[in-house]
Amino acid sequence: MAGRLQGPGRLTGKVAFVSGAARGQGRSHALRLAQEGADVIAFDVCRQLASVPYPMATPDDLKETVRQVEELDRRIVAREADVRDSDALAALVAEGVGEFGRLDVVCANAGIATFAENAWSITDESWDEMIAVNLTGVWRTVKAAVPAMIDAGNGGSIVITSSTAGVKGMAGIGHYSAAKHGVVGLMRTLANELAPHSIRVNTVHPTGVNTPMVVNDFMAEFLAGSDMSANMQNALPVEMVEAVDISNAVVWLSSDEARYVTGVSLPVDAGFLQK
């Protein structure tokens, strides 16, 4: 009956478009969506960006995502593509929809993290690359995907990865916080614009997540000399959440269980709001 809880295979027959899928949260999202029955269209830049101080994903990382999705007996189209390249994203969506016949879910997950002593010491280059990837890249991802979703007429779900930094200010990451606040405004607008097409749009707001972007030598050294580690603490007794915890929220928002949930910012661990 309508409204009943769904079991395993909540996304059977659906197709998901996942950015930043080579590792970390993006790979986790692709795998959880595949476990629930979805086929996947995935991409990642798979090279180092100039302003990023930690090692980024590689082509081999993306190949490993493909291997793990196929091991789940799901289909995947995966390509190296830059979230800042509208033509590449449009071509990938066209290829994926041509292969799978539809598009139902978008996970706009790709992002970078860089740091500065304060907002006025951020370099122009670092600011521009951050906004281009973490904010404009989300818009370009959605722009590439939405026409195919509307044309298919099946409704759908768009889940944008924001951050705890998308709901409060954090010293040392003014450009990151600006981008993550920005995607919330974009989400709220899209939720209104896409509601007539039964396409829901929401953001998830992870705290510190155990991924290569957070757990690396550079980050360990940086956090040891800053007050930022306090911003990643949880109310619950865990140091960091796991990528799959965010993926489970993404799966729920993408499923029919959340069929009337749109325009919502979902924190994961909500306790940070109380600090």
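This is a predicted model: local features need pLDDT of at least 70, side-chain atom pairs count only at pLDDT 80 or more; totals for chains, interfaces and linings use all residues.
Local features are given where pLDDT is at least 70, side-chain atom pairs count only at pLDDT 80 or more, and totals for chains, interfaces and linings use all residues. Residues are numbered from 1 along each chain as its sequence is written, and side-chain values use heavy atoms, without hydrogens and water.

The open sheet has seven strands, in the order β3-β2-β1-β4-β5-β6-β7, with parallel pairing. Strands (E, at least two residues) and helices (H or I, at least four) are DSSP runs, numbered from the N terminus; two strands pair if DSSP finds at least two bridges between them. At the edges stand β3 (76-80) and β7 (265-268), each of which pairs on one side only. Neighbouring strands are turned against each other by 15 degrees on average, direction ignored.

Within this sheet, β5 (residues 156-161) and β6 (residues 199-206) pair in the parallel sense over six bridges. Thr161 has Val204 in β6 as its bridge partner. Helix α7 (residues 243-254) lies across β4 (105-108), β5, β6 and β7, and runs at about 165 degrees to β6. Such angles, from 0 to 180 degrees, are taken between the N-to-C directions of axes, which are lines fitted to C-alpha atoms, for helices over the stretch in contact.

The loop between β4 and α4 (124-152) holds Ala116. Is Ala116 buried or exposed? Ala116 counts as buried because its relative accessibility is 15%, and buried means under 20% relative accessible area, exposed over 50%, and partly exposed in between (1.4 Å probe, protein chains only). Leaving aside neighbours within four places in sequence, Ala116 is in contact (heavy atoms within 4.5 Å) with Ser121, Ile122 and Gly172.
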